[in-house]
Amino acid sequence: MSVVFSKLPSQLKRPSAVRKAVFLLVAAYGLKKLYPIVTGRLKRRSPGPHLPHTNGEPLEVTERRRRKRTSPAVNREFLERLCRLLGILFPRFFCKELGLLGFHSVALISRTFLSIYVANLDGKIVKTIVKKDPQAFIWELTKWLLIAIPATFVNSAIRYLEGQLTLAFRTRLVTHAYHLYFSNQTYYRVSNMDGRLANPDQSLTEDIVMFAGSVAHLYSNLTKPILDVVMTCYTLLKAAKSKGANTTWPSVIAGIVVALTAKILRAFSPRFGKLVAEEAKRKGDLRYMHSRIIANSEEIAFYGGHKVEMSQLQRSYNSLRSQINLILFKRLWYVMLEQFLMKYLWSASGLVMVAVPIITAPGYSQHDSEDVKQAAMLMKEEDLVSERTEAFTTARNLLNAGADAVERIMSSYKEVTELAGYTARVYEMFDVFEEVRVGVYRRSVEEVQGGGPHEGSREVKHGMRVEGPLLIRGEVIDVEQGIRCENLPIITPTGDVVVSSLNIKVDEGMHLLITGPNGCGKSSMFRILSGLWPVYRGVLYKPPPQHMFYIPQRPYMSVGTLRDQVIYPDTALEMKEKGFTDQELEGILRTVNLLYILEREGGWNAESDWKDVLSGGEKQRMGMARMFYHKPKYALLDECTSAVSIDVEGKIFESAKDCGIALLSITHRPSLWKYHTHLLQFDGEGGWRFEKLDASTRLSLQDEKLRLETQLSGIPKMQQRLAELCSILGEDSRLVSPGEQEEEEEEEKKGQREQQQQDEREERDVFPAEQEKSLME
């Protein structure tokens with residue numbers, strides 16, 4: 001202690017200076033610990049502004065609880081989610097993933113024993129150098145080179161098996177995710193009916209990859225270091241006891257240093273799980289912005305909206321950049337603290353731990369025989385130096401290996417927090433998929449917390465927006481023939497009520513024409529009939545999905561051959577199983593006037609980017625060709641021939657009726673009215689009218705309406721020209737304007753009423769005079 005005190009600066013040798021320094025350190029530490037407690041109590045005591053309550057709780061408490069739930073952290077919820085995901089990774093006891101994990105474990109254990117053997121071999125090589133024994137040196141060096149062959153193979157095998165394990169985990173997760181994503185139209189509903197997953201493509205690709213890699217890498221970073229620590233400590237204690245050294249103080253020093261390091265790092269460790277989850281979310285937002293521009297590049301180019309799109313992209317990228325900068329900044333100070341504690345502090349402690357047993361060791365154990373003890377005492381100084389050098393080198397190598405293992409264990413806490421972020425995102429994706437699959441939709445994350453009134457608690461009316469979760473209380477019944485809606489509301493996924501109650505019945509042999517202004521519920525009705533939107537109330541009787549075929553205004557062109565475009569969504573094998581031939585497909589193309597495409601594109605097996613190769617009208621006719629291929633009982637046609645000529649359009653509709661396909665059409669072309677028997681007309685205000693359609697009468701009324709509109713549209717122009725001519729000629733018009741004519745008519749009626757009243761008064765005045773004259777007579 002006196003030696004240490006003598007090395008202190010002169011300023012610190014003064015008792016007052018030492019006391020002041022110690023006092024300042026204790027005061028700073030106490031301030032750091034007491035500040036959060038004091039500020040927390042002050043905040044609780046201060047009344048603050050009145051906050052609204054949610055479910056009986058202040059809004060601040062609800063918001064804090066929501067953030068706590070949504071922030072990924074290493075807690076019980078994380079362990080429960082991880083266990084559930086591990087059940088997907090290892091579906092049964094005897095599986096490929098468990099076998100890979102076993103081989104990976106064997107490789108890690110082998111690497112630990114090889115490390116201990118190499119450390120002992122390193123000590124022996126140093127011993128031969130100190131003893132100046134060239135023959136022993138060559139022999140030990142040969143063993144060093146020979147052991148390098150299995151050591152390098154094991155190192156390479158560890159990386160290979162970790163990569164294979166990552167790929168196997170990813171395959172399991174992707175298979176399970178695709179099964180959920182493509183069942184019961186989840187791929188549509190998760191983007192259009194539910195609002196919890198902003199970027200499903202991000203979750204299905206990058207999040208799964210990061211989670212699988214993190215799980216596999218974390219297993220390597222935890223299993224091998226733990227085994228290294230156990231075997232290294234055992235080897236060091238065994239070697240120290242064999243030389244009679246005291247192992248108590250080195251063990252106490254190691255325990256204190258490791259515990260102190262763990263506590264400091266845990267106290268100053270940033271919340272990497274939350275930071276990584278937010279980074280992944282912003283990466284998904286940036287990818288979504290790029291995909292939007294690619295999908296709508298033509299429209300953006302027509303509008304010249306590149307500046308707006310570029311500003312949005314820059315805003316999204318700057319948001320991601322700020323998050324990455326935040327993570328890098330927090331890692332800068334955390335890694336600095338981590339390196340100081342684990343590299344320099346541990347190295348100094350390791351030197352003490354190695355030096356103390358070597359200096360104090362007598363060279364023999366208490367359990368050794370007297371001959372061994374006597375031989376150790378009589379050993380030459382050269383032999384003693386070589387023995388101590390060997391022991392120091394071996395112990396130092398083993399201690400470095402153990403320190404590296406402990407460092408990896410403690411550093412893995414950061415990886416565990418990152419794994420918590422990936423686990424939260426992947427688990428949330430699977431949770432949303434499973435709920436949407438069974439018809440549970442949430443328009444926002446806040447609805448998951450259980451707030452807001454329910455849709456079933458009050459009556460739905462046109463024009464209102466239903467707040468809170470939408471409860472599915474309707475019923476869908478599959479029937480063989482006919483479509484019947486009983487008290488069926490049309491409600492959008494955002495909760496807007498378009499039609500409060502729809503009651504129609506489409507019997508067999510009826511062809512229904514649906515008209516109305518934009519946004520009145522025409523296409524929404526088709527989405528409900530197709531099963532894309534749920535039935536929130538009422539009862540819907542409809543045929544099974546395989547008997548109904550929906551054709552949108554812009555048909556989807558898949559990747560594949562020309563044949564695949566006609567038979568979509570069937571495959572070539574399914575087409576053969578149905579008994580269709582290429583000659584029958586040619587007949588379908590002839591019906592829709594597309595037979596020339598077969599020769600132009602090079603046959604049925606030609607492959608192209610069909611959405612760009614085919615024109616708008618050709619794509620619409622291809623959609624109608626799919627209808628003739630599948631031959632459904634009911635065809636839902638959503639303005640699917642708006643780009644087709646009238647003659648070809650009429651031919652297609654007539655052929656569809658001849659095939660026995662019932663048509664439910666949304667169209668604005670009067671030329672198609674004659675192919676329908678009934679009319680469903682929406683007024684855009686929540687009302688509707690369902691009646692039998694008399695096409696000839698309706699066409700004559702339509703022609704009269706157009707003729708009157710044409711005549712009336714020319715009157716304002718004629719009146720404007722007449723006013724210009726009167727101004728040029730300086731004369732008044734002899735033609736009375738409609739307003740003046742109304743005023744003259746009103747004045748004339750007023751004059752007539754006044755004249756009538758005057759005549760009545762004169763009659764009343766004349767009548768008494770005549771009566772008096774008659775009495776006198």
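Begin by selecting Asn-184, which counts as partly exposed because its relative accessibility is 44%, in what is a predicted model. Asn-184 sits in the loop between helix H7 (134–181) and helix H8 (186–192), and its phi is positive, near 55°, although the residue is not a glycine.

Next, select strand S4 (residues 483–491) together with strand S5 (residues 497–506), which run antiparallel and are joined by six bridges. Follow the strand to Ile-491, whose bridge partner in S5 is Val-497, and then look between the strands, where the hairpin has five residues and Gly-495 takes a positive phi near 95°.

Now move on to the loop between helix H17 (562–567) and helix H18 (572–578), where Pro-569 lies. The peptide bond that joins Tyr-568 and Pro-569 is cis, with omega about 10°.

Finally, select helix H22 (residues 616–630) and helix H23 (residues 646–658), which pack with their axes 11 Å apart and at an angle of about 15°. Because of that angle, H22 is roughly parallel to H23, and H22 passes H23 in a left-handed crossing. To view the contact, show Arg-621, Met-624, Met-627 and Phe-628 in H22, which meet Val-648, Ile-652, Ser-655 and Ala-656 in H23; the residues of this contact of H22 with H23 divide into six nonpolar, one polar and one charged.

Technical notes:
Residues numbered from 1 in each chain as written. Predicted model: local features only at pLDDT ≥ 70, side-chain atom pairs only at ≥ 80, totals over all residues. Heavy atoms only, no water. Axes fitted to C-alpha atoms, helices over the stretch in contact; angles between N-to-C directions. Helix = DSSP H or I, 4+ residues; strand = E, 2+ residues; numbered from the N terminus. Parallel < 35°, antiparallel > 145°, perpendicular 65-115°, else oblique. Left-handed = near helix turned anticlockwise from the far one by under 90°. Contact = heavy atoms within 4.5 Å. Nonpolar A, V, L, I, M, F, W, Y, C, P; charged D, E, K, R; others polar. Pairing = 2+ DSSP bridges. Buried < 20%, exposed > 50% of the residue type's maximum accessible area, 1.4 Å probe, protein only.
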